[in-house]
Amino acid sequence: MASEIYKKILIATDGSTENKKAISYGIELAKLSGARVYVTYVVDTASFDSIPMDGGWEMMYELLEKEGKEITDKVIADTGENIEIESKLLEGHPGHEIIDFAENNGIDLIVMGTHGKSGLDRFLLGSVAEKVTRNSHVPVMVVRGNEEE
């Protein structure tokens, strides 16, 4: 049964174990609604500001790009169902890139996990999920990861 609510779902992942639950939720919603899924990984080039612009930057970028491809390919391989699913590697600041992709591609729902950080850790590290939730015009489902994993 196809749903009119969700036609395109964006699942944002960073490959962490906390994010597995969000991926499962996004895939299950896609199965129930017949939605097309875009699984994304953002190569965080904003974190490269402190790295000198030499071979180190290129090597770091290539490693992160490879990691992102492996992560999104694994999500697609693990899905194994008759779901339309496509991977997208993005680059830039994760929160901004997720919102930008969703708003420019007619996404109906963004699904993402949270690391469940609080207090000083959250203040120092920032929260991509919080930034996306606060700034996106597209509805966002934030799934808290299992802390015992």
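Glu-65 is partly exposed, because its relative accessibility is 33%. This residue is found in helix 2. The model is a predicted one, and every value here is computed from it. Glu-65 also belongs to a negative surface patch, together with Glu-58, Glu-62 and Glu-91. Helix 2 spans residues 55-79 and gives the most to this patch, with 3 residues.

Side chains of opposite charge can pair when their charged atoms come close. Lys-69 has 46% relative accessibility, so it counts as partly exposed. Asp-73 is partly exposed too, with a relative accessible area of 33%.

The count of salt bridges comes to 7. Another of them joins Arg-36 to Glu-86, with the closest N and O atoms 2.4 Å apart. Arg-36 lies in strand 2 and Glu-86 in strand 3 (residues 85-92), so this bridge ties together parts that are 50 residues apart in sequence. Arg-36 has a relative accessible area of 22% and is therefore partly exposed. Glu-86, at 23% relative accessibility, counts as partly exposed.

Glu-86 has a further partner. It forms a salt bridge with Lys-88, where the closest N and O atoms are 3.0 Å apart. Lys-88 counts as partly exposed, because its relative accessibility is 28%.

A pair of aromatic rings is described by the distance of the centres and the angle of the planes. The count here is 1 aromatic pair. Why is the pair of Tyr-38 and Phe-101 edge-to-face? The ring centres are 5.8 Å apart and the planes stand at 65 degrees. An angle over 60 degrees counts as edge-to-face.

This pair links distant parts of the chain. Tyr-38 sits in strand 2 (residues 36-44), and Phe-101 sits in helix 3 (residues 94-104). The two residues are 63 residues apart.

Tyr-38 has 10% relative accessibility, so it counts as buried. Phe-101, at 10% relative accessibility, counts as buried as well.

Conventions:
Residues are numbered from 1 along each chain as its sequence is written. This is a predicted model: local features need pLDDT of at least 70, side-chain atom pairs count only at pLDDT 80 or more; totals for chains, interfaces and linings use all residues. Side-chain values use heavy atoms; hydrogens and water are left out. Patches are made of residues with over 30% relative accessible area and no salt bridge: like charges are joined within 9 Å, nonpolar side chains (Val, Leu, Ile, Met, Phe, Trp, Tyr) within 5 Å. Accessible areas come from the Shrake-Rupley method with a 1.4 Å probe; for residues, only the protein chains shown count as cover. A salt bridge is a side-chain nitrogen of Lys or Arg within 4 Å of a carboxyl oxygen of Asp or Glu. Lys and Arg count as positive and Asp and Glu as negative; His and the chain ends are not counted. The place of a charge is taken as NZ of Lys, CZ of Arg, CG of Asp or CD of Glu. Helices (H or I, at least four residues) and strands (E, at least two) are DSSP runs, numbered from the N terminus. Buried means under 20% relative accessible area, exposed over 50%, partly exposed in between (1.4 Å probe, protein chains only). Rings of Phe, Tyr and Trp (its six-membered ring) pair if their centres lie within 6.5 Å; planes under 30 degrees apart count as stacked, over 60 as edge-to-face and the rest as tilted.
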